[in-house]
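Some notes on this model follow, point by point. Please read them with the structure open.

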Amino acid sequence: MARRRLVLKNTTLFSDPANLSWERYVVMQARERERYLAERASIPDDALNYKAVSPRYIQNAVDQFANNYYSELSATHYVATAAANAPFDELKKSALFQLADEQRHLEMDREVFERAGIPERDWLAAWESPGTTCRFFRHLLELEDSIEILVKGNFVAEGAAGPGTFTVLADGAEARGDVLSAVNHRARIRDETRHISYGRALVKALIEDDPGNLETIQQWQDDSLRLFSEVARGGERQAWWEGFLASYYKIALPMGLRPTAF
Ligand SMILES: [Fe+2]
Ligand SMILES: [Fe+2]
């Protein structure tokens, strides 16, 4: 099947909603880093080293750790592709700042695996097992077109896994004594919110540029959500899945998109 491609003819319709320059980005991230390090420093040693959680928790959490770590790892690849192939500079700039953010998130999630004492040889197998986000991200990693990558990755996936689901994940981890995961999830929310904002600005620009683009965006949404729906199969993670769809539809329906049929 030939891939549909969208082109933003009037590129002035898109501008970075965070209005970042290199200078502003560096200052903002230095502040974020200080805040993160202060929160992390307040975690008692036992909790930081997963001595305060039950062994059963760790066993059950490995899939979740893998979902976190490998989606961030994937993001450092597909966002780099989106930046490299960006059709105009304003979009490239947003993608490059995002790339730096995703690298930070990746390192936070690697620390969780390491402190929880999960041997690295088990990480990938956990992600490749059924019921994870693997299928969606492997699809994203095959794409080369910047606009398709950013619509699927930022608008759909991050729009869905946005503030709502990270809060569910953070609260769930904290309630079980996994404070490091909770601190990490809360730290990434602000970055992910920025990634969603520019994904949303891109979708808005595409529709303004040509209302006919909506159908392709609908198709990309349907492809993406169907690949994700596996995560909720079997009724596990139901709260997560409901929050996921609700976050996404909150930004998608006002744009004229329809709910996906599963
Ligand atoms: Fe991230
Ligand atoms: Fe992100």
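1. Start with the metal site. Along the chain, the donors of the iron ion (ligand 2) follow the spacing E-x55-E-x33-E-x2-H. Donors here are N, O and S atoms within 2.8 Å of the metal (3.2 Å for Na, K and Ca); water is not among the atoms, so sites may look incomplete. The protein donors are Glu102 (OE), Glu158 (OE), Glu192 (OE) and His195 (ND1), and they lie 1.9 to 2.2 Å from the iron ion (ligand 2).

2. A word on conventions. This is a predicted model: local features need pLDDT of at least 70, side-chain atom pairs count only at pLDDT 80 or more, and totals for chains, interfaces and linings use all residues. Residues are numbered from 1 along each chain as its sequence is written, chains are lettered from A and ligands numbered from 1 in the order in which they are written, and side-chain values use heavy atoms, with hydrogens and water left out.

3. What is the arrangement around the iron ion (ligand 2)? It is irregular, because the four donor atoms subtend angles of 71 to 144°. Four donors count as tetrahedral if all angles lie between 85 and 135 degrees; four count as square planar and six as octahedral if opposite donors are over 155 degrees apart and all others between 65 and 115; anything else is irregular.

4. Glu102 bridges the two iron ions, which lie 3.5 Å apart.

5. Helix 9 deserves a look. Helices (H or I, at least four residues) and strands (E, at least two) are DSSP runs, numbered from the N terminus. Glu192 and His195 both lie in helix 9, three residues apart, about one turn. An α-helix has 3.6 residues a turn, so residues three or four places apart point the same way. Glu192 counts as buried because its relative accessibility is 3%; His195 is buried too, at 1%. Buried means under 20% relative accessible area, exposed over 50%, partly exposed in between (1.4 Å probe, protein chains only). Glu72 is also buried.

6. Tyr25, Met28, Gln29, Glu32 and Tyr36 are its buried residues. They cover an arc of only 95° around the axis, so they sit on the same side of helix 1; the arc is that of the directions from the helix axis to the C-beta atoms. On the other side, Glu23, Arg31, Glu34 and Ala41 are exposed. The cover over the buried residues includes helix 4 (89-115) and helix 9 (179-209).

7. Check Ile43, in the loop between helix 1 and helix 2 (45-48). At 6% relative accessibility, Ile43 counts as buried. Beyond neighbours within four places in sequence, Ile43 is in contact (heavy atoms within 4.5 Å) with Leu48, Val179, Leu180 and Val183.
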